[in-house]
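User: I am new to this structure. Please take a close look at one part of it, the aromatic ring pairs, and then connect that part to its surroundings.

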Amino acid sequence: MAARFLLHPWDPDTLLTITEQDDVGDEQLELGFEVDEDAWQPLSPAAATPRTVHFVDGARRHDAAGTLGAWPCLFTVIAVGSVTSRLGAPVAPPAHAPARRYVIVGTEEDVPLEPVRVARYGLEYEPRRVAGGEHHLAAEAQRLMLRWEAELAEEVAHAHPGDVVLLDGPLRSDASVQNVLGFVKSTSRERLPPSQRGVLADLAPGQRSPVYRVHGGDRSLLSRLEWVMRPRGAAPGVDPRLGLVRVQANSALSRAEAAALADWTAATLPAYATDYHHDPRAPQQLLIVKDLESDLRRSFGHRDLLLTALRQELSG
């Protein structure tokens, strides 16, 4: 008898966790890329020339967890999209493709997996397999979303070569188009040496660090340029070393090109930053990205209604 999908009664987010890291392994820093190491100080940008910026982000939701025979599985839905803005001009409506749904099965066995259809709503979960146990399922869903985000960022960048594309998250490839920037809101560890950390703590809102080069360390990048900026001031009682963002850029940029982009981000992005009453991830979260995420999640449909239909489908 063929194995059947069966669902776990608990919310999948109480069962599955993922540790999201944008870097792993050893890395080497070239701190003197823009200025000499001993000349590091907070940098204030000149007034930036207005540029159109395309913000790219994704969202995902875990609809249900369960099993297929002895293998764990996860039903998930993912959407990515973009929103275009230019300071002083109306914001264009967000654009995104239809959400994609997957049922991820934790098995290395090369067994045929059929799509899971929810006839009531005309939906289908595409099957995917991933090696490893239950704790690999959410990581695979995250990997699928990041890959789709990176593909969309590259597509938008090629279509609008004179604009800036800001990917909410780290860059995923050494070959990223030069007008694509990664916007990293949090880091797993402090990468800069103590002599430079003091400069970061002293950054005022709208200031940035010098640009430096990173060799290795990332899961998918061999080299990239980075700088750190503070989008807003820290709230009273908040550690001033926090509230910073790290921006990543293509390592093929010249020193002048990278410095110009870094100045543009420090002069422009604070206008999009959230305040503490807007989002728990403030001030690193950008308000326009928060709204894009909300729009993407609305495309997922009502989870409880979908879950009821999915249970009925699997019990038939």
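Analyst: Four aromatic pairs are counted in this predicted model. The rule takes the rings of Phe, Tyr and Trp (its six-membered ring) and pairs them if their centres lie within 6.5 Å; planes under 30 degrees apart count as stacked, over 60 as edge-to-face and the rest as tilted.

Start with Phe-5 and Phe-75. Their ring centres are 5.7 Å apart and their planes meet at 65°, so this pair is edge-to-face. The two residues are 70 apart in the chain: Phe-5 belongs to strand 1 (residues 5–7), Phe-75 to strand 4. Strands (E, at least two residues) and helices (H or I, at least four) are DSSP runs, numbered from the N terminus. Phe-5 is buried, at 11% relative accessible area. Phe-75 is buried too, at 0%. Here buried means under 20% relative accessible area, exposed over 50%, and partly exposed in between (1.4 Å probe, protein chains only).

Trp-40 and Tyr-212 form a tilted pair, with 5.9 Å between centres and 40° between planes. This pair also links distant parts of the chain, 172 residues apart. Trp-40 sits in the loop between strand 2 (28–30) and strand 3, while Tyr-212 is in strand 11. Both Trp-40 and Tyr-212 are buried. Ring pairs also link Phe-5, Phe-75 and Tyr-125 into a cluster.

The charged end of Arg-100 sits over the ring of Trp-148, 3.6 Å from its centre. To count, NZ of Lys or CZ of Arg must be within 6 Å of the ring centre and within 35 degrees of the ring normal.

Now follow Tyr-212 into its strand. Strand 11 (residues 212–215) pairs with strand 12 in the antiparallel sense, over four bridges. Two strands pair if DSSP finds at least two bridges between them. Arg-213 has Leu-225 of strand 12 as its bridge partner. Strand 12 also runs antiparallel to strand 13 (residues 245–249), joined by five bridges. There, Glu-226 is partnered with Gln-248 of strand 13.

How enclosed is strand 12? Seven of the seven residues of strand 12 (residues 223–229) are buried, so the rest of the structure largely encloses it. Ser-223, Leu-225, Trp-227 and Met-229 point one way; Arg-224, Glu-226 and Val-228 point the other way.

Trp-227 leads on to the largest nonpolar core, which has 31 residues. Such a core is a set of buried Ala, Val, Leu, Ile, Met, Phe, Trp, Tyr and Cys residues joined through side-chain atoms within 4.5 Å. Trp-227 is among the residues with the most contacts inside this core, as are Phe-55 and Leu-166. Elements giving two or more residues to this core include strand 4 (71–85), strand 12, strand 13 and helix 3 (255–268). A second, separate core of 24 residues includes Val-130 and Leu-171.

How far can the model be trusted? The protein chain averages a pLDDT of 89, and 93% of the residues score at least 70. pLDDT is the predictor's confidence in each residue, from 0 to 100. Over residues 19–24, pLDDT stays under 50. Where pLDDT is low, the predicted coordinates should not be read in detail.

Residues are numbered from 1 along each chain as its sequence is written. Local features need pLDDT of at least 70, and side-chain atom pairs count only at pLDDT 80 or more, while totals for chains, interfaces and linings use all residues; side-chain values use heavy atoms, leaving out hydrogens and water.

Technical notes. Contact = heavy atoms within 4.5 Å.
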